[in-house]
Amino acid sequence: MSRPVFLVGPMGAGKTTIGKLLAQQLGYPFKDTDREIEDRTGADIPWIFDVEGEAGFRDREVAILADIATQGQQVIATGGGIIMREENRECLKVSGIVFFLTASIEQLLERTAKDKRRPLLQVADPEARIRELIALREPLYREVATHVIDTNRRPPRQVAQEMAELVRNS
Ligand SMILES: Nc1ncnc2c1ncn2[C@@H]1O[C@H](COP(=O)(O)OP(=O)(O)OP(=O)(O)O)[C@@H](O)[C@H]1O
Ligand SMILES: O=C(O)C1=C[C@@H](O)[C@@H](O)[C@H](O)C1
Ligand SMILES: [Mg+2]
């Protein structure tokens, strides 16, 4: 069974958007860990953070990743904090090809500004929060990455094409 393709990176890097296009281009099914968590919980992410806290959300994320990582050839967009748990990093490293999508702080802020469904960014100073999260997480994204892909000021379709080539040549 061929291996899955994972997209990791910060909120607003484009994992969901580009992941869907990549799946179309490769003819693979598409999954999104955030979406899977919501579907299986029957509640949205803000509700899960409110009621179960971030730790409760992370526990659900570990269970979902372990499950879908074994389901063969597919494109999987992950949540921005998936690399915070060591078992997830191990799972990503052994299970497939991992793309780390990057973008500047300015682009991440711009792309996440209007959407209120990201609990960690509902703070007085989202820019400071994004900077904090990137400082903490960037080494962890790099630890799991097979490829690092710059998405700054690039159309999602073009980025997906570059990634599809890398998958085909892997
Ligand atoms: N390369 C890009 N250029 C311009 N806009 C983009 C690009 N990639 C994504 N976007 C836009 O940024 C927003 C966030 O993208 P998306 O939801 O795909 O990010 P994400 O990495 O999945 O974030 P999260 O970790 O919160 O799930 C969307 O409105 C999307 O249309
Ligand atoms: O970066 C994060 O920690 C998160 C990113 C989103 O994809 C969601 O998984 C959730 O909002 C948490
Ligand atoms: Mg997403």
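Predicted model: local features only at pLDDT ≥ 70, side-chain atom pairs only at ≥ 80, totals over all residues.
Arg117 sits in a loop, the one that runs between α5 (105-112) and α6 (126-144). Setting aside residues up to four places away in sequence, Arg117 touches Asp44, Ile45 and Pro46. Ala164 is another matter: 47 residues along the chain from Arg117, with 29 Å between the two C-alpha atoms.

Ile45 turns up again around ligand 2, whose surroundings also include Met11, Asp34, Gly79, Gly80, Gly81, Arg118, Pro119 and Leu120.

An unreviewed UniProt entry lists it under "binding site", along with Gly12, Ala13, Gly14, Lys15, Thr16, Thr17 and Arg154. These positions span 143 residues of sequence and are spread in space as well, with up to 23.1 Å between C-alpha atoms.

Two of the listed residues are worth a stop. Lys15 belongs to helix α1 (residues 15-26), and Thr16 is in helix α1 too. Buried or exposed, where does Lys15 fall? Lys15 is buried, because 29 other C-beta atoms lie within 10 Å. Thr16 has 17 C-beta neighbours inside 10 Å, so it counts as partly exposed. Leaving out neighbours within four places in sequence, Lys15 is in contact with Leu7, Gly9, Ala77, Thr78 and Leu101. On that basis, Thr16 contacts Asp32 and Ala77.

Methods: Residues numbered from 1 in each chain as written. Chains lettered and ligands numbered in written order. Near = placed C-beta within 6 Å. Helix = DSSP H or I, 4+ residues; strand = E, 2+ residues; numbered from the N terminus. Contact = placed C-beta atoms within 7 Å. UniProt positions renumbered as here; feature names shortened; annotations may be inferred. Buried ≥ 20, exposed ≤ 12 C-beta atoms within 10 Å, placed from the backbone.
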